[in-house]
Amino acid sequence: MTPPTVLLILPDRDEAEELAAELLEAGWGPCHVHRDMLAGEDDAEDVDWVVELTTAPDGLPASAHRAVLDELAGEHDGFTGD
């Protein structure tokens, strides 16, 4: 079974927060932004910013729109994860 949540993983905090606000306004949820330090990295500057999406505006799980979210993440030099 595919998990409902999709994580948009972006390199820039400001972009992640702006994108989360836009997605929330468009009806996605919950749009929480988390800091994620890469495993094994000691440099506090080497972090990713994760936007958590569980529900799409149409009420379906965010994962039902994975292709759209993959493209959106790519537009912000990021990628998606589960």
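This short talk covers the salt bridges in this structure. Keep in mind that the model is predicted.

Some background comes before the residues. Side chains of opposite charge can pair when their charged atoms come close. How many salt bridges are there here? The count comes to 3.

Start with helix α1, which spans residues 13-25. Arg13 and Glu17 sit in this helix, 4 residues apart. That spacing is about one turn of the helix. Their side chains form a salt bridge, at 3.0 Å from N to O.

Now helix α2, residues 66-75. Look for Arg66 and Asp70. Arg66 has a relative accessible area of 24%, so Arg66 counts as partly exposed. Asp70, at 36%, is partly exposed too.

Stay on Arg66. Its side chain also meets that of Asp82 in a salt bridge, 2.7 Å from N to O. Where does Asp82 lie? Asp82 is in the segment after β4, and β4 covers 79-81. Arg66 is in helix α2, so this pair ties together parts that are 16 residues apart in sequence. Asp82 counts as exposed, because its relative accessibility is 60% and the cut-off is over 50%.

Which residues do the shared partners join? Arg66, Asp70 and Asp82 form one network.

How values were computed:
Residues are numbered from 1 along each chain as its sequence is written. This is a predicted model: local features need pLDDT of at least 70, side-chain atom pairs count only at pLDDT 80 or more; totals for chains, interfaces and linings use all residues. Side-chain values use heavy atoms; hydrogens and water are left out. A salt bridge is a side-chain nitrogen of Lys or Arg within 4 Å of a carboxyl oxygen of Asp or Glu. Helices (H or I, at least four residues) and strands (E, at least two) are DSSP runs, numbered from the N terminus. Buried means under 20% relative accessible area, exposed over 50%, partly exposed in between (1.4 Å probe, protein chains only).
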